[in-house]
Amino acid sequence: MKLIKSLTILSLVGMLVTSCGEAKKEEAVEEVVTVEEPVEVVETPNIVGVASGNADFSTLVTAVGAAELAETLSGEGPFTVFAPTNAAFEKLPAGTVETLLKPENKEKLASVLTYHVVAGKFEAAQVVEAINGNNGKFEVTTLQGGKITLSLTDGKVILTDANGGKATVVIADVAASNGVIHAIDTVVMPK
């Protein structure tokens, strides 16, 4: 009988030890740590950064640098920039860009460039809505202080400058962290 009691106690102790070992194994499985790869957050660059990253705006970027406007256009904003492409600058009379880039013409260049900038962020849908809500024409005041009239022709936004010159938006809604860029096919000029 003593032998049976001893065997029974030994069996119980064995089961207890075994079940504790299994519990520890389960705990060990629960303690597995998963390592996640770090997520890279990519922020949209500001207006100057976006323009600098696009070869079609290289003349504009050079002009912004020469006019010392990079800091302004990198500011908080928001801004809407009607950005002339390189092809737009090529439409100007021969020598115009080179003359504007000279240090002695910095103020005139700054005036031309800020004529392409409007305070506030106006995406294409808002621009079209404003035009349609104002009998087909909507006038905006630029950072330069001059006015540009926006209208629609064949579904495209047209800018008419103070001299009657016209430009067409060829690419709309290029996002930037401090506003939006609309590429235009012609340089608009203030009075």
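Reader: Where is the place of Glu68?

Author: This is a predicted model, so keep that in mind throughout. Glu68 sits in the loop between H3 and H4.

Reader: Which peptide bond is cis?

Author: The one from Gly77 to Pro78, with omega near 5 degrees. Pro78 belongs to the loop between H4 and S1.

Reader: How do I read a salt bridge?

Author: Side chains of opposite charge can pair when their charged atoms come close. The model has three salt bridges by the rule used here. In one of them, Glu68 meets Lys106, at 3.0 Å from N to O.

Reader: Why does the pair of Glu68 and Lys106 tie together separate parts?

Author: Look at where each partner lies. Glu68 is in the loop between H3 and helix H4 (70-73), while Lys106 is in helix H7, so the pair links parts 38 residues apart in sequence.

Reader: How do I describe a helix pair?

Author: Two packed helices are described by the angle between their axes and the distance between the axes. Take H3 (residues 58-66) and H7 (residues 106-114). Their axes come within 9 Å and cross at roughly 130 degrees. That angle makes H3 oblique to H7. The crossing of H3 and H7 is left-handed.

Reader: Which residues of H3 and H7 make the contact?

Author: H3 contributes Leu60, Ala63, Val64 and Ala66. H7 contributes Lys106, Leu109 and Leu113. By class, the contact of H3 with H7 has six nonpolar residues, no polar ones and one charged.

Reader: Now the sheet. What is the order of its strands?

Author: The sheet is open, with seven strands in the order S2-S1-S7-S6-S5-S4-S3. Its pairing is mixed. Neighbouring strands are turned by 30 degrees against each other on average, direction ignored.

Reader: Which strands stand at the edges?

Author: Strand S2 (117-119) and strand S3 (137-141) do. Each has a single partner strand, so one side of each lacks a neighbour in the sheet.

Reader: What about the faces of a sheet?

Author: In a regular strand the side chains alternate between the two faces of the sheet.

Reader: In which sense do S1 and S7 pair, parallel or antiparallel?

Author: Parallel. S1 (residues 79-84) and S7 (residues 179-184) pair over six bridges. Thr80 stands opposite Val180 in S7.

Reader: How many bridges join S3 to S4?

Author: Five, and S3 runs antiparallel to S4 (residues 147-153). Lys137 has Ser151 of S4 as its bridge partner. The hairpin of S3 and S4 has five residues between the strands, and in this hairpin Gly145 takes a positive phi near 105 degrees.

Reader: What does Ser151 meet in S5?

Author: Its bridge partner in S5 is Ile158. S4 and S5 (residues 156-160) are antiparallel, with five bridges. Two residues lie between the strands of the S4 and S5 hairpin, where Asp154 takes a positive phi near 50 degrees.

Terms used
Residues numbered from 1 in each chain as written. Predicted model: local features only at pLDDT ≥ 70, side-chain atom pairs only at ≥ 80, totals over all residues. Heavy atoms only, no water. Axes fitted to C-alpha atoms, helices over the stretch in contact; angles between N-to-C directions. Helix = DSSP H or I, 4+ residues; strand = E, 2+ residues; numbered from the N terminus. Parallel < 35°, antiparallel > 145°, perpendicular 65-115°, else oblique. Left-handed = near helix turned anticlockwise from the far one by under 90°. Contact = heavy atoms within 4.5 Å. Nonpolar A, V, L, I, M, F, W, Y, C, P; charged D, E, K, R; others polar. Pairing = 2+ DSSP bridges. Salt bridge = Lys/Arg side-chain N within 4 Å of Asp/Glu carboxyl O.
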